[in-house]
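Dear colleague,

Please read them alongside the coordinates.

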Amino acid sequence: MAPSGPRSIKRGCQRVLYWIPVLFIALIVAWSYYAYVLQLCIESIEDTGEKVVYLLVYHVIFIMFVWAYWQTIFTKPMNPLKEFQLSHSDKELLEREDRGESQQEILRRIAKDLPIYTRTNSGAIRFCDRCQLLKPDRCHHCSVCDKCILKMDHHCPWVNNCVGFSNYKFFMLFLAYSLLYCLFITATDLQYFIKFWTKGLPDTQAKFHILFLFFSASMFSISLASLFVYHCWLVYKNRSTLEAVRAPVFRHGTDKNGFSLGFTKNFLQVFGDEAKYWPVPIFSSLGDGCSFPTCLVNLDPEQPSSPSGSSSASKSAGQGRQFPSKPLRESQSRLLTSTPSWSENEGAGDKDKKGANQKCLRCPPPCLCLSEHGIMVVTSLSFAIMQPAPASVTWLDRQAVHRNHEFPHELSWNMLLLSESQVDGKMEIAFQSSAFL
């Protein structure tokens, strides 16, 4: 127990030191407010209309900038839910096993009922020794916070916080509004900065504030622009900073685009599906942070064959969340095991029907009421794996896709060919399908 005292003192000193970058940013922002509002707008600008417009626009940007910065700093990172933590009996069982393979068997048994699809580089289950839990997809342990953080992007010293699932939207807005803040100051201060060199400004204290305000805002604009563009690219690709450095590993191998669903869906995953909340630092991201839809179609034999196990886990995981419950009900990637078949004769009979290769998921097949439900499923993705290409397809049981019959207007499908055989001159193909938004 003796070392606990020095360790706690050291930890306390580290916490104080971690706030120094935040304090530095706060002082810079406070000085910029004084220099722009008092020294530039009130004392240096003579035109009243120009002064009022500058002050109004400045304060709108300033409020949004400070609000986003505050949210990024003081929003606590989300940690894995209790379903991912080992029970007391599992901990004892894991400690008794000396061999790594035996421990992996235990972890694989526990992970079987959890929505975990990523692995370590060696193909093992991702397990955190310090937190004693199975890491959800995109979750990493932060050495500074000493916790596992959901969808961890990086630990940012300028906000003294981990940027992850709970505050990544706030971080993006912080970058956007801080860049806009600096660009606005640079643009409106430019003409007075020129007057400084042409000696068009009176020799007062304000001229030096105007000079350094222009230099600092323009320099910060360059650095913020590069950082903001980089994170926009990450959102476009649906990657975190850690995943950009080291691609996630799935059972079939490394896949840097494993979580990418296309730009629109990637954007909505971070900013939410309600446009009115996009520019506001209010949490609106989709999902629970523990499971993410993927574009993978490879069958994982260690995962449950039906979504029932995952659904129960997700339902219990929703209890005690720190944020509004907005699960990815349309985008939880599920590996389905139904094995419908294609046949040439069946396709010939459906050619005369409207949209023979488009089926509605709300009604039992065959159903072609696209005009009523407005739902279209494009099957051309599956044709590339078939010779000859079939004219129609019998879709999976609708219950396997959505239990609550709330079907999206746009559904993406990927097909994995499992087997093909010739039966009575007809080609029958069994496939595994994964649906996601």
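How far apart do the end C-alpha atoms of residues 16-36 lie, and what percentage of the span is helix and what percentage strand? In this model, which is predicted, those end C-alpha atoms lie 30 Å apart, and the span is 95% helix and 0% strand. Residues 16-36 belong to the UniProt annotation "transmembrane region", which comes from an unreviewed entry and also covers residues 52-70, 170-188 and 208-236. For residues 170-188, the chain is 100% helix and 0% strand, with 26 Å between the end C-alpha atoms.

Next, a helix pair. The axes of helix α4, residues 88-96, and helix α5, residues 100-111, come within 9 Å of each other and cross at roughly 160°; since angles over 145 degrees count as roughly antiparallel, α4 and α5 are therefore roughly antiparallel to each other. Their crossing is left-handed. On the α4 side the contact is made by D90, L93 and L94, which meet Q103, I106, L107, R109 and I110 in α5, and by class this contact comprises 5 nonpolar, 1 polar and 2 charged residues.

Finally, the strands. There is an open sheet of 3 strands in the order β1-β8-β9, and the pairing is antiparallel. Because β1 (118-119) and β9 (253-254) stand at the edges and have a single partner strand each, one side of each is left without a neighbour in the sheet. Strand β8, residues 249-250, runs antiparallel to β1 and is joined to it by 2 bridges, and T118 has F250 in β8 as its bridge partner.

Best regards

Methods: Residues are numbered from 1 along each chain as its sequence is written. This is a predicted model: local features need pLDDT of at least 70, side-chain atom pairs count only at pLDDT 80 or more; totals for chains, interfaces and linings use all residues. Side-chain values use heavy atoms; hydrogens and water are left out. Axes are lines fitted to C-alpha atoms, for helices over the stretch in contact, and angles run from 0 to 180 degrees between N-to-C directions. Helices (H or I, at least four residues) and strands (E, at least two) are DSSP runs, numbered from the N terminus. Angles under 35 degrees count as roughly parallel, over 145 as roughly antiparallel, 65 to 115 as roughly perpendicular and the rest as oblique. A crossing is left-handed if the near helix is turned anticlockwise from the far one by less than a right angle, and right-handed if clockwise. Contact means heavy atoms within 4.5 Å. Ala, Val, Leu, Ile, Met, Phe, Trp, Tyr, Cys and Pro count as nonpolar, Asp, Glu, Lys and Arg as charged, and the others, Gly among them, as polar. Two strands pair if DSSP finds at least two bridges between them. UniProt positions are given in the numbering used here, feature names are shortened, and annotations may be inferred rather than shown by experiment.
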